[in-house]
Structures are given as structure tokens and as C-alpha cells.
Amino acid sequence: MSTDIQRYISVSEKIKTDDLDWAEAREAGLSEEERFVITYFSDIESQTIRYLRMLLQMKIAFRPAVAAFLTTWSYEEFFHGHVLAQLMAECGHPLEENRVETVTRRARFNEWMEKLFGPLLSRIFSSQFPAVYMSFGAIQEMTTLRGYERLKENTQNPVLKTLCERIARQERRHFAWYFNNAREQLESTSGARWLARKLLEFNWVPVGAGVKTRAEVNRLFSILFPGETGSRLVREVDAKIGTLPGLEGIRLMEPYFEESF
Ligand SMILES: [Fe+2]
Ligand SMILES: [Fe+2]
């Protein structure tokens, strides 16, 4: 296995919580907006296993380095959702017990991806499809990362701050892995570049849009990225994804959120 993945595995861990002072978290409390954002994040983190199911349809998922990443990545994502739910409960706003099932039932976009793209397209385009998944992964990880960074900057709750910082550190590594692998896959064939661009342009939606309504997606965006921070974010993400082979000049975030600012 490459040294990159060896390094990733060696630092992979569940989010540390044993040194957190939950009494301090309770005392600081969570604003209504924070509760909305944390619930949103926790919901989408808990959907990772569904995305993993799609990723496992790729032949390359069973290459030792890719398998190692996917295993540790989904483990880490699970704990992101888990600790956020724990914070909500500690602060007196527990999420419903059957929350994950309820959210899963609303997973319209994933459902569609799983039923249509998974079995059919990924078989037809088996050698091009990893590029699609990796590119989707890169953009989703990057926006998630920026979301946690903003939440950390804005919150008055010291425990939430610490959690966001720890989660963001892992999201940064997730992004790096998806981005580097997307580049590698996109470089490999022109078919992969063509397919990734088409499917991103046709089908991309922001993190959580599969299980959240458009109004909820917009609300999250406007809480975390109001005004100028929003337009800066969409330009930054589009520009970064546009550095990938075949995705030059692609605009995904900007058209989607245009009406939000
Ligand atoms: Fe995460
Ligand atoms: Fe992540």
C-alpha cells in the first residue's frame, strides 16, 4: 500500500470525546440556528453508509488501498453523526430515537442514484465510474469541511467548537483523498472525464439535498454562509473542482445557490 494510505490509516480514529466537559456544553447551550445546523449535519453523516454501498459497486473498491480508505472513512463519518447527536442530547435537545430510519426514508436522491446509476450505469461504464464517484466525493467533502469550519468560528459553545475542529481535521483528509483519487481517475481516460462532467452538470446537488428539502438546504447555507461569505464559498469550491482534469470551468455551486445571495 502507498505511504499516503498508510499515513491515513495510522491517524484514523473516532472523534475523541472523553476529555469534553458536557456540563460546560449544557451551560453554553445551543442556539436555534445551531440546533438546525447540527441536526442537518448529523443526518447527512448518518447517511454515509448508503453512499458507501454505492461506492462498493466499483471494482476498484476492493483494491487494498481503496478498501482501507473506505473502511476507515465510513467509520469516521459514523462518529461525526454520533457525537453531534450526543451533543444535542447533552444540551437538552435529543434527536428522535428512530431519526436515522426517518431520514433514510426521505433519501430520494440517493434512492435514485442507487437504483439507476448504481446497478446500471456503473456496470456499463465500470471503468469510468470511479471518476464520477470520486469527483462527487471531493466536492461534498470540501463543502462539508467548510461548513464545520464556519460553525466552529461562529459558535459560543466551547464543546461544539472543539468537536467542529476535530471533525474538520478529518474532513480535510477525506477531501484530500477524494480529490487526489478523482484526479488520478480523471487523468486515466477521456471517457471518465466526459462522463464525470456530464453527470456532475446534470445531477449534482449539494450535501444533504437528497434527504433535505430545498428550503432546508437554503436555510443551512444562509445560516453558515450569509452574504459575501456565501458567494466566496461557491466560487472557491467551483474553482477548486475546476482544477480537476476535464472539469475546467465547471459551475455547480454557483448556479445552485445563485438565488440565495
Ligand atoms: Fe463527516
Ligand atoms: Fe467526510
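View 1. Buried denotes under 20% relative accessible area, exposed over 50% and partly exposed in between (1.4 Å probe, protein chains only). The protein donors of the iron ion (ligand 1) are Glu-45 (OE), Glu-45 (OE), Glu-77 (OE), His-80 (ND1) and Glu-171 (OE), at 1.9 to 2.3 Å. Donors are N, O and S atoms within 2.8 Å of the metal (3.2 Å for Na, K and Ca); water is not among the atoms, so sites may look incomplete. Glu-77 bridges this ion and the iron ion (ligand 2), the two lying 3.6 Å apart.

**View 2. Tyr-51 and Tyr-133 form an edge-to-face aromatic pair.** Their ring centres are 6.3 Å apart, with 90 degrees between the planes. Rings of Phe, Tyr and Trp (its six-membered ring) pair if their centres lie within 6.5 Å; planes under 30 degrees apart count as stacked, over 60 as edge-to-face and the rest as tilted. Tyr-51 counts as buried at 16% relative accessibility, and Tyr-133 at 1%.

**View 3. Trp-73 and Tyr-178 also pair edge-to-face.** Trp-73 is buried at 3% relative accessibility, and Tyr-178 is buried at 1%.

**View 4. The charged end of Arg-214 sits over the ring of Tyr-256, 3.8 Å from its centre.** Lys-240 lies over the face of Phe-179, 4.7 Å from the ring centre. The criterion is NZ of Lys or CZ of Arg within 6 Å of the ring centre and within 35 degrees of the ring normal.

Residues are numbered from 1 along each chain as its sequence is written, chains are lettered from A and ligands numbered from 1 in the order in which they are written. In this predicted model, local features need pLDDT of at least 70, side-chain atom pairs count only at pLDDT 80 or more, and totals for chains, interfaces and linings use all residues, while side-chain values use heavy atoms, with hydrogens and water left out.
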